[in-house]
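Trainee: I am new to this structure. Can we go through it in short steps?

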Amino acid sequence: MATTNGLDPQAKTLKLENTEKRDTLIAIEKKYQKSWQDGGVFNATPPPSSDTRGLSPEEIRKKHPKYYAIFAYPYMNGTLHAGHSFTISKVEFTSGFARMEGKRVLFPVGYHCTGMPIKACADKLTDDVRKFGQNFEKYDEEEEGSGLPDGQPPAPTPAQTKEDITKFTSKKSKANAKTTKMKYQFQIMRALGIPNEEIHKFADAHYWLKYFPPICQQDLNNIGARIDWRRKFVTTDANPYYDAFVRWQMNRLHELNKVQYGVRYTIYSPKDGQPCMDHDRTEGEGVAPQDYTALKLKVQEWAPKAQEKIKGKIPETANVYFVPATLRPETMYGQTCCFVGPKITYGLFKVSENDYYFVTKRAAWNMAFQGTFFNSDKFPKDISELPLIVEMVGSDVVGTLVKAPLSIHTSGIRVLPMESVLATKGTGVVTSVPSDSPDDYATVMDLAKKAEYYGIQKEWAQLEILPVIQTPSYGNITAKFLVEKMKINSPKDAKQLAEAKDLAYKEGYYKGTMLVGDYKGQSVESAKPKVKEALIKAGEAFEYAEPNGLVISRSADECVTAYLGQWFLNYGENDPHWRNTVLDHVKTGLETYSGETQNGFEKNLDWLNRWACARTYGLGSKLPWDPKFLVESLSDSTIYMAYYTISYLLHSDLFGKEPGELSIKPSQMTDEVWDYIFCRTTLTSELSSSSGISKEDLERMRAEFEYWYPLDMNSSGKDLIPNHLTFFLYIHCALFPPEYWPRSVRANGHLLLNGDKMSKSTGNFLTLSDAVKKYGADACRIALADADNPPHVHPQRMVRGSPLPPGLPPIANAANTNLRPADAPSDTNFWDLLFTNDLRHLVHESHTHYSGLNFKAALKSCLYDFTSARDFYREATTAAGIGMHAGLVRKYIELQALVLTPIAPHWCDHIWQSVLRHGTTIQNALWPTATPLPNPSLSAAREYVRATSSSITSAEAAQQKRQAKGKTTSFNPKSPKKLTIYYAAAYPAWQDEYIDLVSKNFNTLTLSVDDKTVGETLKKKGGKEMKRAMPFVQGLKKRLYAGEDAASVFERKLPFTEVKVLGQMVKGLKRTTGCKVIEVVEVEEGGGAVEVGGAKGGGAEGGQEKKGKVVAGDGEGEVRSGLPALAGNAVPGSPGFNFENVG
């Protein structure tokens, strides 16, 4: 029993009561988990060399099939949660199934520790300990309050910022899930369940590497993961073997010119003094630099208030520029004014001795890292270092006259107010082009109408609007057209203006033609970069960039965009051959299991560009040729799956302190050794002598790699497609021969718990450890298999998610008197044959679903449908008075244990060993491939029994409901009653035409029907004829697609003898309906028509009287006449029936 957690009113997890069954199952699970680990059941090894001599790697893999799968190794700054569990479960289920197919299976797990997160958290704890004491005894919660830091307005999120539509960006909901209300790191550690007195130890970054990996391993063991733990390791230079592996990787990429040095825009943390990549962020994952053209609008005449404020603070001859940032430099010919936010605070910042920029402080802070105020070798650490001369609000500068580059209004344009200007986007200064911007057009119209209200001169907002771009849909004044068409009445119509802006931008960029300027007649797409280049060359503009959303580093710093020199991986358009190689592999050699994942890779490859691969802060491996840098976390985690193949040969512990099976030292793992292991070079005596590694050991390491590679599946989250998963493909294609490139990637969505995102603050959160403790391993695994994609896990399903009896299945009890002896014949009884056929069908159906990685469907087949088949068999044999066959019951238990093993191995092993008394673990058992294919005739008979029984019982239930509501019924369900079933031995003659139609249009090779031809023929029939023909044709197709023999279908024969099946059903129907009498009547073809009363009708109303003969049930052999009209509707396979009361 489960109830809502009464201790926490916010918590959405469940409080369990009456947990005896669960506790028994958990005890069973612990028993088998220990047995598997003690026995090394999941330790994976290649076939012995004695069995592979003279064979190529491909031939070895063919002779000894293997399966190698991983999930993205977890980051060690916390414990695993339910989201990890879903990703892990896909590897678990595929690995379990692959084992049963007779493959050698490798499923390893390592621990990612590279990057800023751990180091940043450790540094925060150092500060916490310094401030509050070793056990934080000086902390006063009331004094501290929520304590969110003050400062500039936060940057907008990607959803609030309009990105350049010509660039692909990744929209990630994951970023929002990473925010937390806890101010101090020690509070977060407490929330992770770490004892207060132990938290201070985490101020040492390396303590994290010791603390969390063993917990992770235990959590995965507790859910029964089939992991080869001999291959575990931590990343960074904490493990010298992995460090050598990363250094080799970077050296070879550098030699291939895949790693280069250059100056580019990147997201940057001023506090950390280095780039802040995706995995270095607590907020803003996926946010990238947004490039703008920053125009220089030179002040010609100051507004009076502004003139007063700057008086004496800058030279009279100073050049002051309002600096708007635009995404559309090609439209600058149409500038009519410049907007500022009247309530926004701006600054005047000194650029040089005589040049000054007017922008927001936030924009100036970004510019400070792009060479505007400081050189790249002397970036500021604090915003107070900006060369601010004076601050003003926007209203102070309204009316200022500025000269706008390219504008036809050469005498100048005015600075005007605009309420919707954002201080958190661009520079806070917006240049107005009302010809092509709906926002600008709506605003200048409003300003002109209400000039006095806004305190401006009307003519300032009424400058000529110049047509700049010709578009096919909206003419040459796009903004005016859209504003009027969409009935936008005010600048406050934000929703309509946003829609109009998108339409205007897309139409102008993709379909527009320039009407003015040096590039008149050219497409906008072609002219845009040329106009930008010309403006910059003329000194009238410069490049500016900023994050297209809020980015917070792991050190709690708000990031900027910096233009600086850095080492980067040359992904994207700058190495088209590399990019196209990866793209071709995605299209032709990589299984992605879904169109969404496939499209995600293709779009990302089109968009992704150079990636900074080094930084100076955090944990990691040093860049070999420039050791002041560390390899960043998304660049040292691209090919670690190759390291798994040999890790246990090198070391036997996480940190590489204990030697592995080959007793090789880290110093011996030179770049040349890695080259040989990974099939880049051949073995030479010089390599063996220079490294000190024997030829045999070198060959063994290479053989391990050659056997396990390529990787068969990488299971991960779809949010990693824009970075980690794409990098994974890039680096494999750069360093390994094509035969070792990855075979598949399975990417799932973000896990939903109880229909919502997981959140600690709302209580809707579940760690893997808590889930297993609360519900048990197999219950969790069943819930994970049952989850959809995007994954949606219900704890309620975990509670009932174990329809697994804790002990001996009741039907297996030998003392059960309903069982027939195991040595009794089982191949002659109808119900035995149906049950046997059901089991065969479900075994093969489960295999199909597992093969397609459709675990939800596999679970349905091997658990729920298996159980339903058993229940049907039990009820049918009980009604027939014969009981179940003991041999078939054992066969059912054995088959279900086998086919359910990939998903629920603990219970299955318990049944396998404790109930069925097999001597070895079911983890080493093979799939029951010897199971014969199901017999289509028996499958059809089973479906017939189900459908007919359901129709009869449903009809009776409907009458019972009517009676309960006081409505008239055709019979009294509570009184003694009779059921008459009418069946026809032959088909109606009208169906011959449609049998012939389907037969002629059935392709025996593809086993498909030409639906187009059949459909057109049926349409021509029209009306009532089509209405009765369509269901009949659909029924034929259903039988063909179910695997029935075509000749049997078209020869108008049922695959079973209907009357015999009905005869078998009589006893069961008597039990389920409570009928006193049941008759099965064969309706004579044509009904033995007799004219009654001179009219053709049915029954007592006159017409054609029907008659037939009782062929099964009560009264067998008797003739029945005066049958009701519904008897004439019976056709083979679709009987009619009716109830009536009897005395």
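Mentor: Start with a term: two strands pair if DSSP finds at least two bridges between them. Keep in mind that this is a predicted model.

Trainee: In which sense do strands β10 and β14 pair, and over how many bridges?

Mentor: β10 covers residues 319-322. A pair needs at least two bridges. β10 and β14 run in the parallel sense, and their bridges number four.

Trainee: Which residue of β14 is the bridge partner of Val320?

Mentor: β14 spans residues 355-359, and the partner must lie in β14. For Val320, that partner is Tyr356.

Trainee: In which sense does β13 pair with β14, parallel or antiparallel?

Mentor: β13 holds residues 345-350. One of its residues, Gly347, has Val359 of β14 as bridge partner. β13 and β14 share four bridges, and the sense is antiparallel.

Trainee: What do β13 and β14 form, and how many residues lie between them?

Mentor: β13 and β14 pair in the antiparallel sense. Together they form a hairpin, and the number of residues between them is four.

Trainee: How many of the five residues of β14 are buried?

Mentor: Buried means under 20% relative accessible area. Strand β14 is mostly covered. Of its five residues, the buried number is four.

Trainee: Now the helices. How are α28 and α32 oriented to each other?

Mentor: α28 covers residues 830-851 and α32 covers residues 936-964. Their axes lie 9 Å apart, at an angle of about 105°. Angles of 65 to 115 degrees count as roughly perpendicular. Therefore α28 and α32 are roughly perpendicular.

Trainee: Which residues of α32 make the contact with α28?

Mentor: On the α28 side, the contact includes Phe830, Trp831 and Leu834. By class, the whole contact has seven nonpolar, two polar and two charged residues. From α32 come Leu938, Ser939, Ala941, Arg942 and Val945.

Trainee: What share of the chain's residues counts as buried?

Mentor: The chain has 37 helices and 42 strands. It runs to 1143 residues. The buried share is 54%.

Trainee: What pLDDT does the chain average, and where is the pLDDT below 50?

Mentor: The average is 88, and 89% of the residues score at least 70. One stretch below 50 is residues 1-11, with 22 contacts beyond near neighbours in sequence. Another, with 40 such contacts, is residues 146-163.

Terms used. Residues are numbered from 1 along each chain as its sequence is written. This is a predicted model: local features need pLDDT of at least 70, side-chain atom pairs count only at pLDDT 80 or more; totals for chains, interfaces and linings use all residues. Side-chain values use heavy atoms; hydrogens and water are left out. Axes are lines fitted to C-alpha atoms, for helices over the stretch in contact, and angles run from 0 to 180 degrees between N-to-C directions. Helices (H or I, at least four residues) and strands (E, at least two) are DSSP runs, numbered from the N terminus. Angles under 35 degrees count as roughly parallel, over 145 as roughly antiparallel, 65 to 115 as roughly perpendicular and the rest as oblique. Contact means heavy atoms within 4.5 Å. Ala, Val, Leu, Ile, Met, Phe, Trp, Tyr, Cys and Pro count as nonpolar, Asp, Glu, Lys and Arg as charged, and the others, Gly among them, as polar. pLDDT is the predictor's confidence in each residue, from 0 to 100. Buried means under 20% relative accessible area, exposed over 50%, partly exposed in between (1.4 Å probe, protein chains only).
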